[in-house]
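Biologist: I'd like a close look at one part of this model. Could you walk me through it slowly?

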Amino acid sequence: MRRLRERRDFYVCLETGGRLCTCGRRGCAEMYLSGRAIHKDADAMGIDGPHIFDKYAEGEERHVRFVNTLRQNLRHTLDKIMEISPFDVCIIGGGVADWMGEHFSAIMGDLGYKIIKASLGNSAGMAGAYAHYQKQQKQ
């Protein structure tokens, strides 16, 4: 991860020429794996966003296909990150991880990587920002 932190311009292009990202590039993983992107894609397919992962766990065919595409995109993203900066474990947090709820392990399993859910979930960004602030105050 050290190499990733040293590169301020790091991003993962998931689909060459893909969706326009807020960074100005096209095909960034964010445009396919973020909560906002997942909701938008689900809506476009007529899938009930709040219950995607519950319906996946129940074996609802459209939801299984949808989540399998999401899993494929995540796997491809992790493959690219591994090429740039090898890692032992991937910790996933934020709203999407929280949204997966009790289905997180089943959804993340079998991707070929050790993936764990961040204990702070969607609060991780705030906790990190506060820790950074505290560190800056001590300097």
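Which residues line the second largest pocket?

Modeller: First, a caution: this is a predicted model, where local features need pLDDT of at least 70 and side-chain atom pairs count only at pLDDT 80 or more, while totals for chains, interfaces and linings use all residues. Residues are numbered from 1 along each chain as its sequence is written, and side-chain values use heavy atoms, with hydrogens and water left out.

Now the pocket. Its lining is Arg19, Leu20, Thr22, Glu30, Met31, Ser34, Gly35, Arg36, Ala37, Lys40 and Asp41. (A pocket is an open set of points on a 1 Å grid over the protein atoms alone, where a 1.4 Å probe fits, with protein on both sides within 12 Å along at least five of seven lines; lining residues have an atom within 4 Å of a point.) The second largest pocket holds about 250 Å³. Two helices, α2 (30-33) and α3 (35-44), each give two or more residues to that lining, and α3 gives the largest share, 5 residues.

Cysteine 23 has the sulfur of cysteine 28 as its nearest cysteine sulfur, 3.6 Å away. For cysteine 13, the closest is again the sulfur of cysteine 28, at 6.5 Å, so that's too far for a bond.

Technical notes:
Disulfide = S-S within 2.5 Å. Points joined across faces, edges and corners; volume = space filled by probe spheres on them. Helix = DSSP H or I, 4+ residues; strand = E, 2+ residues; numbered from the N terminus.
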